[in-house]
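Here is a short briefing for a first look at this structure. Keep the sequence and the 3D view open while you read.

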Amino acid sequence: MKYIPAEWREQFDKADAAEWEKWIRYDAVMIPTKEVLDTVAPDEILPMRKMRTDKNEATRGGKSFGEHPLLAKTRNLLPGYKDKQYLAGELKTNAPTLTDAATAIILQETASNENWDLQQGDVDNAFLNGRYLSPDRRVFFKAPKGGLPAVPEHGWPFIPEGTILQAKKIVYGTNDAPLLWYEEHLSLIHI
């Protein structure tokens, strides 16, 4: 936060709180019991970080902040590349995606066929909407610098910096999140 201008800090504090509230609302995280913590090796604990962005930056162009104001956004992330299970080769991570060529073909076919209608959508907090992790998939992380705000409407207190938490669902940054989300929603795809 030290690099964020003072006049923007309140907006980013609100964005931080909104992001953490989503993790709680979607039941994506829990505080592990002492018995579970006793089974966790130090190298299993990932450091959570907050990625803060201005969602309006890309469309601001030459406009001033007065004309096109800051739109603060925070995304809580875990560094999946440090995940012990990933490093041991225990995770399947090959989520299907379209190549650039396949995307170009779809766009060309849609543009050249007047009976086709191209639509685009977005799933709000896609990974947090996913399934619960299997018992053998363990994702532990430490609360980031400054801690995590209280979410009283869901019964969560302030979480101090360094508190160890456990993911219950796939979360942002884990290497298997795209595949698990795809598998969860495969049944919704009607081709």
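The structure, a predicted model, holds 13 salt bridges.

**Salt bridges across the chain**

- Start with E19 and R75, whose side chains meet in a salt bridge at 3.6 Å, N to O.
- This pair links distant parts of the chain, 56 residues apart. E19 sits in helix α1 (residues 9-25), and R75 sits in strand β4 (residues 72-77).
- Both E19 and R75 are buried.
- D27 and K168 form another salt bridge, with 2.6 Å from N to O.
- What does the pair of D27 and K168 tie together? D27 lies in the loop between α1 and β1 (29-30), while K168 lies in the loop between β6 (164-167) and α6 (177-185), so the bridge ties together parts that are 141 residues apart in sequence.
- D27 counts as partly exposed, because its relative accessibility is 27%. K168 is also partly exposed, with a relative accessible area of 22%.
- E44 and R138 meet through their side chains in a salt bridge of 3.0 Å, N to O.
- E44 belongs to the loop between α2 (34-37) and β2 (45-47), and R138 to the loop between α5 (100-112) and β5 (140-142), so this pair ties together parts 94 residues apart in sequence.
- Is E44 buried or exposed? E44 is buried, because its relative accessible area is 15% and buried means under 20%.
- R138 has a relative accessible area of 24%, so R138 counts as partly exposed.
- Salt bridges also link D16, K50 and R52 in a network.
- In general, side chains of opposite charge can pair when their charged atoms come close.

**The sheet**

- Which strands form the open sheet, and in what order? There are 4 of them, in the order β1-β6-β5-β2, and the pairing is mixed.
- β1 and β2 are the edge strands, and each pairs on one side only.
- β1 pairs with β6 in the antiparallel sense over 2 bridges. There, V29 has A167 in β6 as its bridge partner.
- β5 and β6 also run antiparallel, joined by 3 bridges.
- F140 stands opposite Q166 in β6. K142 has I164 in β6 as its bridge partner.

**Nonpolar cores**

- How many residues has the largest nonpolar core? This core has 28. The residues with the most contacts inside it are W20, W23, V29, F141, W156 and L165.
- α1, β6 and α6 each supply at least two residues of this core. The largest share, 3 residues, comes from α1.
- Take F141 as a close-up. Setting aside residues up to four places away in sequence, F141 touches residues that include W23, V29, I45, L46, M48 and L78.
- F141 also touches T163, I164, L165, Q166 and A167.

**A buried aspartate in a loop**

- D83 is found in the loop between β4 and α4 (84-87).
- D83 counts as buried, because its relative accessibility is 4%.
- Which residues does D83 touch, not counting those up to four places away in sequence? They are L46, L91 and R137.

**The surface**

- L98, I106, L107 and L118 form a nonpolar patch on the surface. Together they have about 380 Å² of accessible area.
- L118, one of these four, is found in the loop between α5 and β5.
- The chain exposes about 12,300 Å², and carbon and sulfur atoms supply 55% of that area.

**The chain as a whole**

- The secondary structure comes to 6 helices and 6 strands. Along the sequence they follow the pattern α-β-α-β-β-α-β-α-α-β-β-α.
- The C-alpha atoms fill a box of roughly 60 × 45 × 30 Å, taken along the principal axes.
- Of the 191 residues, 35% count as buried.
- Among contacts between residues at least 6 apart in sequence, 73% join residues at least 24 apart.

Methods:
Residues numbered from 1 in each chain as written. Predicted model: local features only at pLDDT ≥ 70, side-chain atom pairs only at ≥ 80, totals over all residues. Heavy atoms only, no water. Salt bridge = Lys/Arg side-chain N within 4 Å of Asp/Glu carboxyl O. Buried < 20%, exposed > 50% of the residue type's maximum accessible area, 1.4 Å probe, protein only. Pairing = 2+ DSSP bridges. Patch = residues over 30% accessible without salt bridge, like charges linked within 9 Å, V, L, I, M, F, W, Y side chains within 5 Å. Areas by Shrake-Rupley, 256 points an atom, 1.4 Å probe, with all protein chains shown as cover. Contact = heavy atoms within 4.5 Å. Core = buried A, V, L, I, M, F, W, Y, C linked by side-chain atoms within 4.5 Å.
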